[in-house]
Amino acid sequence: MSLDVHLEGDEYEALETCPCCGEARTVLTANNNYWANITHNLGHMAKKASLYEAVWRPDENGYSKAGDIIAILETGIADMKKRPEYYRQFDAVNGWGTYHDFVPWLEKYLVACKEYPEANIRVSR
């Protein structure tokens, strides 16, 4: 099981043509500015860093735009870098989800949030 995070533009109508029958139809779509995937095994570590609500469940905690979580990511990443040994104790015992993997993933997500602060956050759990 894993978490997908997306930073998307606003939805807009686009014309799509069926490749089989040639019928044209209007569909709702959005530009996907950023996408990343990470294992759910890091959920516990995220909770310890006060990142879980913003990263795993933004929709349930009032975070709809990428800019809404920038400060949370910055604070969590800074704490994780300051106390790596504390966070390493929450590495998944099976090796699928480690501090070594999570911090760079969070840093990339932070860069994307800063690049697209008005993007809509969408997660798939």
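Predicted model: local features only at pLDDT ≥ 70, side-chain atom pairs only at ≥ 80, totals over all residues.
Arg88 is partly exposed, with a relative accessible area of 37%.

How many salt bridges does the structure hold? There are ten, and a few of them are described below.

## Salt bridges elsewhere in the chain

Arg125 and Asp59 make another salt bridge through their side chains, with an N to O distance of 3.3 Å. This pair ties together distant parts of the chain: Arg125 is in the segment after S5, while Asp59 is in the loop between helix H2 (52–55) and helix H3 (70–82), and the two are 66 residues apart. Asp59 is exposed at 53% relative accessible area, which puts it over the 50% cut-off. Arg125, at 36%, counts as partly exposed.

The link between Arg125 and Asp59 also belongs to a network of salt bridges that takes in Arg57, Asp59, Glu60 and Arg125.

Glu16 and Arg25 supply a further example, their side chains meeting in a salt bridge of 2.7 Å, N to O. Glu16 is partly exposed at 32% relative accessibility, and Arg25 is likewise partly exposed, at 48%.

## The three-stranded sheet

Now to the strands. The sheet is open, has three strands in the order S4-S1-S5, and its pairing is antiparallel. From one strand to the next, the twist averages 15°.

In general, strands of a sheet pair through backbone hydrogen bonds, either parallel or antiparallel. Here, strand S1 (residues 2–8) runs antiparallel to S4, and seven bridges join the two. Within this arrangement, Asp4 stands opposite Asn37 in S4. Helix H5 lies across S1, S4 and S5, and runs at about 165° to S4.

## Asn33, a residue of strand S4

Asn33 is part of strand S4, which covers residues 32–39. Is Asn33 buried or partly exposed? With a relative accessibility of 31%, Asn33 counts as partly exposed.

Setting aside residues up to four places away in sequence, Asn33 touches Leu7, Glu8, Gly9, Tyr116 and Ala119. Ala112 is 79 residues away from Asn33 along the chain, yet their C-alpha atoms are separated by 8.2 Å.

Where is Thr98 found? Thr98 is in the loop between helix H4 (84–88) and helix H5 (99–115). Its relative accessible area is 15%, so Thr98 falls under the 20% cut-off and counts as buried.

The side chain of Thr98 makes a polar contact of 2.9 Å with the side chain of Asp101. Apart from neighbours within four places in sequence, Thr98 is in contact with Leu42, Met45 and Asp91.

Terms used: Residues numbered from 1 in each chain as written. Heavy atoms only, no water. Helix = DSSP H or I, 4+ residues; strand = E, 2+ residues; numbered from the N terminus. Buried < 20%, exposed > 50% of the residue type's maximum accessible area, 1.4 Å probe, protein only. Polar contact = N/O pair within 3.5 Å; in protein donor to acceptor, adjacent residues only side chain to side chain. Contact = heavy atoms within 4.5 Å. Pairing = 2+ DSSP bridges. Axes fitted to C-alpha atoms, helices over the stretch in contact; angles between N-to-C directions. Salt bridge = Lys/Arg side-chain N within 4 Å of Asp/Glu carboxyl O.
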